[in-house]
Amino acid sequence: MAFTNLGDLPVLPQPESFALTAAYNEDTFPNKVNLGQGVYRDNNCQPWVLPSIREAEQTLHNQQVNHEYLPIAGHAQFLTKARDLLFSPAIASQDNITSIQAVAGTGANHLAAIFCARNLRPKNVFISDPTWDNHHLIWEIAAPNVTRKLYPYYDPCTRGLNFDGMLSELEKSAEENDVVILHACAHNPTGIDPTQDQWKKIADAVRRKKLIVIFDCAYQGFASGAADADAWAIRYFYTTLFTESSSSTGPAGMFVCQSLSKNFGLYGERIGALHLITPPLLPTQGAKAHLVRLVRAEISCPSLFGARLVHTVLDDTELVSKWHEDVKTMAHRIKGVRALLKSELETLGAQGDWGHIEQQIGMFSFTGLSSAQVQQLREKHHIYMLSNGRMSLSGLDEGNVAYVAQAIKDVL
Ligand SMILES: Cc1ncc(COP(=O)(O)O)c(C=O)c1O
């Protein structure tokens, strides 16, 4: 529809997690609880600057760094370290991985969508049902000619993965060169990942049907507490589909959208990378030039501070091991509050089985609460979470978990 008058533009709703945080900030109730936004909080529900990042900040401060422009593709040493974190140096020495800095995970997803739409021209993009809501908006805006389709992911009866539904939908409906977005680990919002055996079956379907995978990797380290373990699926797809020993008749390419917002606690610095994997022995310069061109048009060149911080951590053996400990601290605290919430609900005799809260992984629990129950939690108890029942567990601590459990019991 064409508008002649800007005043005619309809008012659109704010994205839910941001709207929730705004409402939470305005709420004056002393015991309010924010379980909406996917950000890590410490034991007192406060923002946490990772100690490894604090040290890196100090190092940069002492170095009296300048503030020149980066190259369009980004901070080269940061990109190598970020790539190695995903692929491990052993396999990442392959020259068929093209890496480019992006405006966090969101920017990487956006760049992948635009690049695909312009250069690979898929007919459809398959998105998990449910997913991070921004996948839909990104593809709607960046790739309007690509049809968005859902593949089943969550089974409300088992509160687990609907693996058969997922695979059969891809087998039935995906066509050669279609895109499928896969969450690399700690699926948002469900907290449920495929097993290694299931990943192998997905990779097999992707290879046979020649699908373009976009791995969205926003929570490396949050699923298991270990960055290497959480990159298993990405490494498996890479080695089975894109190394010289793998079949040369596979997909045209694969993308990994890497966010460093959560696992480095650098939410506001907007630091991430997009990695494009091409079949072995194919020239990569053309693909890289097209990515660079898209970045030039959008942001000219990426921002420096977050890249410097991550590089400073990953380039220093002592700081890297401190960072691994920091990631463990975050993952273990969230695991701890899962157990606490489940046990409080059981102690209170809250109706139902709450085992899934402990079984799910990563930052979120897909609680199974209905949108009406979520609304009551907010209106009666000042507890804020997404209407699909997703709870960001890092908003819980020992001080508020009993209050939240009691409130949940009340709205059941
Ligand atoms: C699945 C998923 N992908 C990507 C992102 C984007 O993260 P950012 O742009 O903050 O790095 C998020 C953030 O919530 C996410 O949950």
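Predicted model: local features only at pLDDT ≥ 70, side-chain atom pairs only at ≥ 80, totals over all residues.
A polar contact is a pair of N or O atoms within 3.5 Å, where one must be able to donate a hydrogen and the other to accept it. Keep that in mind for Thr243, whose side chain has a polar atom 2.7 Å from the backbone oxygen of Thr239.

**Around Thr243**
- You'll find Thr243 in the loop that runs between helix 9 (232-241) and strand 9 (254-259).
- Thr243 has 10% relative accessibility, so it counts as buried, the cut-off being under 20%.
- Leaving aside residues up to four places away in sequence, Thr243 touches Tyr238 and Pro280.

**Helix 14 against helix 15**
- Two packed helices are described by the angle between their axes and the distance between the axes.
- For helix 14 (residues 371-381) and helix 15 (residues 401-411), the angle is about 120° and the axes are 10 Å apart.
- That angle makes helix 14 oblique to helix 15.
- As for handedness, helix 14 and helix 15 cross in a right-handed way.
- On the helix 14 side, Gln373, Gln376, Leu377, Lys380 and His381 do the touching, and they meet Tyr403, Ala407, Ile408, Asp410 and Val411 of helix 15.
- Sorted by class, that contact between helix 14 and helix 15 has five nonpolar, three polar and two charged residues.

**Ser371**
- Ser371 sits in helix 14.
- With 45% relative accessibility, Ser371 counts as partly exposed, because the value falls between the 20% and 50% cut-offs.
- Ser371 and Thr4 are 367 residues apart in sequence, and their C-alpha atoms are 38 Å apart in space.

Conventions. Residues numbered from 1 in each chain as written. Heavy atoms only, no water. Axes fitted to C-alpha atoms, helices over the stretch in contact; angles between N-to-C directions. Helix = DSSP H or I, 4+ residues; strand = E, 2+ residues; numbered from the N terminus. Parallel < 35°, antiparallel > 145°, perpendicular 65-115°, else oblique. Left-handed = near helix turned anticlockwise from the far one by under 90°. Contact = heavy atoms within 4.5 Å. Nonpolar A, V, L, I, M, F, W, Y, C, P; charged D, E, K, R; others polar. Buried < 20%, exposed > 50% of the residue type's maximum accessible area, 1.4 Å probe, protein only.
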